[in-house]
Amino acid sequence: MDLKLAGKTALVSGSTGGIGLAIAQALAQEGASVIINGRSEERVKQAIDTIKASMPDASLSGAAADLSTREGAEQLFQQVPTIDILVNNLGIFEPKAFGDITDEDWLRFFEANVLSGVRLSRQYLPQMLERDWGRIIFISSESAVQIPIEMIHYGMTKTAQLAIARGLAEMTVGTGVTVNSVLPGPTRSEGVGDFVTQMANDRGVTVDQIEKEFFESVRPSSLIQRFATVEEVAALVTYVSSPVSSATNGAALRVDGGVVRSIL
Ligand code: NAD
């Protein structure tokens, strides 16, 4: 299938590693010009070099900015005046018991996971509507609908993203712009990979053992009983980013290995 992404410009927030990097790579593979974002120039350059190593002709540029802050967003707007596709991927997670989550933690999670996407959408949605074409995708999580008891603050931000995405989609009526959210399930990204490796080392067991136990006891409803790969998540995001997905709008799309026990 030709996804017709050639000539489109995409910004992927938090794309120096994990799911974001895989999305950037997949969009570039389909011919889009991709803007890589991370907090440091060095990490942004590394990510560009990683993609270029396997795709020398990829059209890539970088915009280093900490998008969990208003100042960072302003810096990015100076560097990136227009885009066709916005992927709000940036997100932080951290297991913490409810009683230990401080006011500062709640605000930090809200700012990084929710406000980052709000600020970017507020900047770029009006120009998409004006041009009558655009894509905004929020990378939410299955944790939006199955709030993890070990990180309720994270779950709150992921549900908030669904509300915002649907609300923004209501602003696109009759235009060529779509706003959707994508809900990955447990995915072996950079962050999750480090976390699992650390757990395995602490307990003196293999990473495979940790994965098996995690799906047996923490996510028993998973139909695939394994972490998704970042490429599996990126494939769905790339489809929703493309002109081919024009009848999908205001939707919450799952790439969660069936972990959410829901038909719709
Ligand atoms: P990750 O930690 O592996 O990667 C996140 C990337 O964002 C890193 O490159 C990091 O350097 C960058 N980043 C972090 N803070 C930033 C900031 N303030 N400004 C700019 N860049 C910043 O994360 P991931 O697991 O790939 O998660 C990506 C998204 O997918 C998140 O929104 C997360 O909630 C969601 N998600 C992940 C999983 C999973 O199991 N991995 C499951 C569901 C949803």
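1. Let's start at the ligand: α6 gives the largest share of the shell around it, three residues. Helices here are DSSP runs of H or I with at least four residues, strands are runs of E with at least two, and both are numbered from the N terminus. Please keep in mind that this is a predicted model, where local features need pLDDT of at least 70 and side-chain atom pairs count only at pLDDT 80 or more, while totals for chains, interfaces and linings use all residues. Residues are numbered from 1 along each chain as its sequence is written, and side-chain values use heavy atoms, with hydrogens and water left out.

2. The shell holds 29 residues, the closest being Thr 16, Asp 66, Asn 89, Tyr 154 and Ser 189; a residue is near the ligand if one of its heavy atoms lies within 4 Å of it. At least two shell residues come from each of α1 (18-29), β2 (33-38), α5 (152-169) and α6 (190-203).

3. By class, the shell has 15 polar, nine nonpolar and five charged residues. Nonpolar means Ala, Val, Leu, Ile, Met, Phe, Trp, Tyr, Cys and Pro; charged means Asp, Glu, Lys and Arg; the others, Gly among them, are polar.

4. An N or O atom in the side chain of Ser 189 is 2.5 Å from an oxygen atom of the ligand. The side chain of Asp 66 places an N or O atom 2.7 Å from a nitrogen atom of the ligand. At Gly 17 a backbone N or O atom is 3.0 Å from a ligand oxygen atom. The protein buries 92% of the 830 Å² that the ligand exposes when taken alone (Shrake-Rupley areas, 1.4 Å probe).

5. Why does the ligand lie between two domains? Both domain 1 (9-187 + 228-255) and domain 2 (188-227) give residues to its shell, so it lies between them. The domain bounds come from an automatic or database assignment.

6. On the fold, seven strands make an open sheet with parallel pairing, in the order β3-β2-β1-β4-β5-β6-β7; two strands pair if DSSP finds at least two bridges between them. At the edges, β3 (60-64) and β7 (252-255) each pair on one side only. Strands β1 (9-12) and β4 (85-88) run parallel and are joined by three bridges, with Ala 10 partnered by Ile 85 of β4.

7. Finally, two backbone angles for your attention. Most residues other than glycine have a negative phi. Gln 225, however, has a positive phi near 50 degrees and is found in the loop between α7 (207-218) and α8 (230-241). Lys 4 has a positive phi near 60 degrees and belongs to the segment before β1.

Note on methods: Polar contact = N/O pair within 3.5 Å; in protein donor to acceptor, adjacent residues only side chain to side chain.
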